[in-house]
Amino acid sequence: MSNKLSSSVPTDREVVLGILNNSEDALNKLYAGYFPMILQFILNNNGDEDDAKDVYQEGIIVLYNKIKGGDFELSSKLKTYIYSVCRRIWLKKLAQQSKKTNNISDFEDIVSTEIDLEEHEEKDRQFEKMQAAILHLGEPCKTIIQDFYINNLSMHDISEKFGYTNTDNAKTQKYKCLQRLKKLFFQS
Amino acid sequence: MRNEIELESIIEDYLNGKLTEAEAIAFEQLRLNDPSVDHKVVTHKYFLDSLKEYSNILDLKAKMDHAHGQIDVDALSRKLGPHPSFIVNLWRKNKSAIAVAASFILLSVVSIYSIQQNTEQTGNVKLVSMELAKIKNSQSNLIRKINSNNSPRNIRPANFGGTGFALTSNGYFLTNLHVVEGADSIVIVDNKGNQYRVKVERSDSQYDLAVLKIDDGVAFPGLANLPYRLKQNGIGMGDEVYTLGYPREESVLGQGYVSSKSGYGGDTTQYQVSIDVNPGNSGGPLLDQDGNIIGVISAKQERVDGASFAVKSKYIQEIINTIPDDSLSKKASFSKKNVLRGLNKKEKLEKINDYVFMIKVYK
C-alpha cells in the first residue's frame, strides 16, 4: 500500500507517561495519531468506519489497561502494538460474523498479543456484566450508586440531591441499592 | 438490618483505608475469627474493583468518543479506503474462497459418510447397554447386559457381563466391584470358551475393585507365568495406552492415550483416558506400550465420548497386599521383569489376551 500516513504522532514515551498521568491531552494525541492506520486496515478488510471506531477504541482500552497495569514494557513500537491488537480483535470479529479471514491485507508489522487480549476479554466480560446489572437496577438506585461510587459524591450530597431527611436514610437506601446491584452482578 | 449496614460501611472504610490503625487491627481480628465477615470483605472488594474498572472504562470511552468527534472520518476514509484495483484482489480472494468451500464440502461428505458407518455399529452396542447408578450419578459403569444365551452349558442366561484379568497364575482375578456386586454366581470365560466358577475373595468399595478366586472344587488348569507386571510410576499425559475387554462375546482392543492424571471430578485415584469404552469393558486392564498394567477401566462419563476412567494400578497393589502371601503364587507385582519387552504389538496382545477373561454374572 503506497498511502503513507502523514498525521502527527506523539512519541511512545509521551504516550506512556501521559496515560500514567491521566492526561487527556495525551489521549487525544494518541487517538488522533493512530486512528488513520486502523481505519485503513479495517476499510481494506471488509469493514466500515463504525467497525474501525469500535475496534480502535477496544484496542486503546487494551493498551490503557496494559500501561496502567504497570507491567508495560516497550518491547515493540507502540504503533506495532496497537496495530497488532486491533488486527487480532478485527480478525476475531470477522470470524464471529463468519466472514472470511484469509488474505488479510496488512499494512504494518505484527507482534503477538494473545495474552493481553485474553486478559482483555475477561475484563470485557466483567464490564458487560456490570453494565447489564446497572441497567437492570432502575431508578433511583442507578443514580445513587453512580453518584456515590463513580462520581464520588458524599453521602451528604446525595441525601440533599434526593431530598432525604437525613444521611442515615440515604445510607439505608444506598445499602439496599448496593445489595440489589450485587445480586444482579453476581447472579448474571 | 442496621448491623448489616454498619458492617458494610466499616468494610468499605476498611477497604478504602479510612479506618484508624487500632480499628483496622480490631477489624482484621474479626475477619480472622469470623469467616462470614472475611467472605463479605472479599466479595465486597471484588465487587468494588469491578465497579471501579467499569467506571474507568466508561470514562475512557467518553474521552475517546470526544477525541473521535475531532477527526474528519469521511475525508480519511476517502483517502485510505480500498483502491479500485482492489476489485481484482477481491476476485482473487473469492477464487481461493471457492476452493476452500469446495474442499470443505468434499470433506463433509466424506465425514458424514464415515459417521453413518460408525453410528450403525455403536447403535447395536448401545442397545445392550444398561446403566447401574452406583458410584456417581454422572458416571456410568460399564456393565454389559447379556441378552442372548449362546453357551449350552448354562441353563439360565447370564444377566451381566464385564471383563477381568489374571492377577496370579493359580486362579486369582481382578475386576471392578460394580461388575460382580450383588451376584448370585459368577463365571469367568477364557478366550477359548472354557468357563470356571469363581467367588469374590476380596472387595474394595472405595476404589471399586474386586479380587475373584476360582471356586474350591473347580478344576482350573492354571496359567503360565503372567506376561505383564504392574506399573505405577512414570505415567503421564499423552502416554499411549490400550485395553482389552469383552463388550461383546469376543475380546475387543481399545486404544487411546492418558488424557489426565486424575479422574472424574479431580479424583486422584483414577486416570482419565481417551479410549472409547463400551458397556462390558469394566474391569479390563489398562496397559501401556510395553504391556505393563497401569490401571483398571472402570467407568465412562455420561454423554461424553472418549472420556473414560481407570483406577490406578497402585490400588491394585493395595488390594493384592490384603491377601495372605502364601495363597498367592506367581502374582503380578511391581517388581518383576516384563517379559513382553521387545515383542511387537501384535505378539504382546496375543499373549495378554490369554490372561483377560469375560466375566458373566448371574443375579
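Author: What follows takes the labels in turn and sets each value against its definition. This is a predicted model, in which local features need pLDDT of at least 70 and side-chain atom pairs count only at pLDDT 80 or more, while totals for chains, interfaces and linings use all residues. Residues are numbered from 1 along each chain as its sequence is written, and chains are lettered from A and ligands numbered from 1 in the order in which they are written.

Reader: How do you know what confidence chain A has, and where in chain A is confidence lowest and highest?

Author: The value used is pLDDT, the predictor's confidence in each residue, from 0 to 100. Chain A has a mean pLDDT of 81, and 91% of its residues reach 70 or more. In chain A, helix H7 (residues 155–161) has the lowest confidence, at a mean of 81, and H3(A) the highest, at 88. Residues 1–6 of chain A have a pLDDT below 50, and this stretch has six contacts in the model beyond near neighbours in sequence.

Reader: Which elements of chain B have the lowest and highest confidence?

Author: Strand S1 (residues 139–141) of chain B is lowest, at a mean of 53, and strand S4 (residues 172–176) of chain B is highest, at 90. For chain B the mean pLDDT is 77, and 78% of its residues reach 70 or more. Over residues 120–138 of chain B pLDDT stays under 50, although the model has 23 contacts for them beyond four places in sequence; over residues 147–155 of chain B it is also below 50, with four contacts beyond near neighbours in sequence. Where pLDDT is low, the predicted coordinates should not be read in detail. For the complex, the predictor gives an ipTM of 0.82 and a pTM of 0.45.

Reader: What makes up the secondary structure of chain A and of chain B?

Author: Helices and strands are DSSP runs numbered from the N terminus, helices being H or I of at least four residues and strands E of at least two. By that count chain A has eight helices and zero strands, whereas chain B has eight helices and 14 strands.

Reader: Why is H3(A) called roughly perpendicular to H5(A)?

Author: Axes are lines fitted to C-alpha atoms, for helices over the stretch in contact, and angles run from 0 to 180 degrees between N-to-C directions. The axes of helix H3 (residues 49–68) and helix H5 (residues 114–137) of chain A come within 10 Å and cross at roughly 100°. Angles under 35 degrees count as roughly parallel, over 145 as roughly antiparallel, 65 to 115 as roughly perpendicular and the rest as oblique, so H3(A) is roughly perpendicular to H5(A).

Reader: What makes up the contact of H3(A) with H5(A)?

Author: Two residues are in contact if their C-beta atoms, placed from the backbone, lie within 7 Å. On that basis Val62(A), Asn65(A) and Lys66(A) in H3(A) meet Asp116(A), Leu117(A), His120(A) and Lys123(A) in H5(A). The residues of this contact divide into two nonpolar, two polar and three charged, where Ala, Val, Leu, Ile, Met, Phe, Trp, Tyr, Cys and Pro count as nonpolar, Asp, Glu, Lys and Arg as charged, and the others, Gly among them, as polar.

Reader: How many residues does each chain bring to the contact between chain A and chain B?

Author: Chain B has 27 residues in contact with 33 residues of chain A. On the side of chain B that touches chain A, H3(B) gives the largest share, 13 residues. That side has 14 nonpolar, seven polar and six charged residues by class.

Reader: How do you know that the span of helix H3 of chain B agrees with its number of residues?

Author: The expected span is 1.5 Å times one less than the number of residues. For the 35 residues of helix H3 (residues 35–69) of chain B this should be 51 Å, and the end C-alpha atoms are 51 Å apart, which agrees.
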